[in-house]
Amino acid sequence: MATPEHAAVPTMTGRLIMITGGSDGIGLALADRLAAAGAELILPVRNADKGRRAVDRIRITTPQARVTLKALDLSSLQSVADLAGECISEGRPIHVLINNAGVMSPPSRQTTADGFELQWGSNHLGHFALTARLLPLLAAGQARVTTQTSVSARFNGINWADLDFESSYSESKAYSQSKIANLMFALELNRRSELNGWGITSNASHPGVTPTNLLAAQPVLGRERDTPGLRAVRVAARLGLVNRSADEGMLPALHAATHPAARGGKLYGPKGFQHLSGPPAEQEVYKPARDAAEAARLWELSEQLVGVRFDHTPASPHPKP
């Protein structure tokens, strides 16, 4: 079982931290803990009202918290470009980036504003483009970048023949693909940072299984009620078989993003049975994400799809051909 010392972090005073998906669930739990540690936070959110409620919650624990809300819809490359452009114009080095936001298992195939399958386009391509556009600020801050993957990355693989699942949509396989891509990206970012001297440390984390709103009723995703899977997770949480709350589920990402011993090119998750819950620890990279050649292929393809390269030259969003 995770204990309070597993949530301990070094002082974050003077550190600027960006967390995607910080208005709910694991992202909000991370924001709350990091604000308490003295960090200044940027929370890019899609829903401004929800973002303001998150800030109010953070300030209950940390009245002096410094939190800035910015607009971001990861399913729009233009929105990603707008956010990054705003941050670049402000010119403030970013010390930690936690790519945490995600969408999970819409029952029918949906697409992003740029025509990509929603999970692939938001979970992977949106974060890929955001990190690429923020590269000058991340390099200036000698940043640590932590990207959230999932236990779902254990299964399936990259559907190279049909990345957008146009011919045969499977909500679970599309989700797995996006999470495998998150993990591949995190590892490849660390390799390329070392090669190019960017000074960025990149790793990956996953929360195990946690009862958050990812599988809750979301009419915008075509889901009118909570999924049976979420109901089962809530029962398992009450029995202590998986994480009981987002405060437990956030611990691997907190460790990966802040702990002095956390290293680049590694995966951190819960150390309990099947890595479903428990205190954070380094674990073996899931088999579908181990091939460095496939990770390089994914990187180069992703650059083409989003129209952004990992250099210091800004580029314009490039819709899917």
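## Terms and model

Buried means under 20% relative accessible area, exposed means over 50%, and partly exposed lies in between, with a 1.4 Å probe and protein chains only. This is a predicted model, in which local features need pLDDT of at least 70, side-chain atom pairs count only at pLDDT 80 or more, and totals for chains, interfaces and linings use all residues. Residues are numbered from 1 along each chain as its sequence is written, and side-chain values use heavy atoms, with hydrogens and water left out.

## Overall content

The protein chain contains 10 helices and 8 strands; these are DSSP runs numbered from the N terminus, helices being H or I with at least four residues and strands E with at least two. Of its 321 residues, 56% count as buried.

The accessible surface of the protein chain is about 13400 Å², and carbon and sulfur atoms hold 51% of that area. Areas come from the Shrake-Rupley method with a 1.4 Å probe, and for residues only the protein chains shown count as cover. A contact means heavy atoms within 4.5 Å. Among contacts between residues at least 6 apart in sequence, 73% join residues at least 24 apart.

## Positive phi in two loops

Q142 is not a glycine, yet has a positive phi of about 45°. Q142 sits in the loop between α5 (135-140) and β5 (144-148) and is exposed, with a relative accessible area of 52%.

F165 also has a positive phi, near 50°. This residue is in the loop between β5 and α6 (171-196). F165 is buried, at a relative accessible area of 4%.

## Helix α4

Helix α4 covers residues 118-133 and has a kink of about 35° centred on L125. The bend at a residue is the angle between axes fitted to the seven residues ending there and the seven starting there. Of the 16 residues of α4, 16 are buried.

## Packing of α4 on α10

Helix α10 (residues 292-306) packs with α4 at an angle of about 90°, the axes being 10 Å apart. The two helices are therefore roughly perpendicular, a label for angles of 65 to 115 degrees. Axes are lines fitted to C-alpha atoms, for helices over the stretch in contact, and angles run from 0 to 180 degrees between N-to-C directions.

On the α4 side, the contacts involve W120, H124, L125, F128 and A129. Their partners in α10 are L298, W299, S302, E303, L305 and V306.

How values were computed: Angles under 35 degrees count as roughly parallel, over 145 as roughly antiparallel, 65 to 115 as roughly perpendicular and the rest as oblique.
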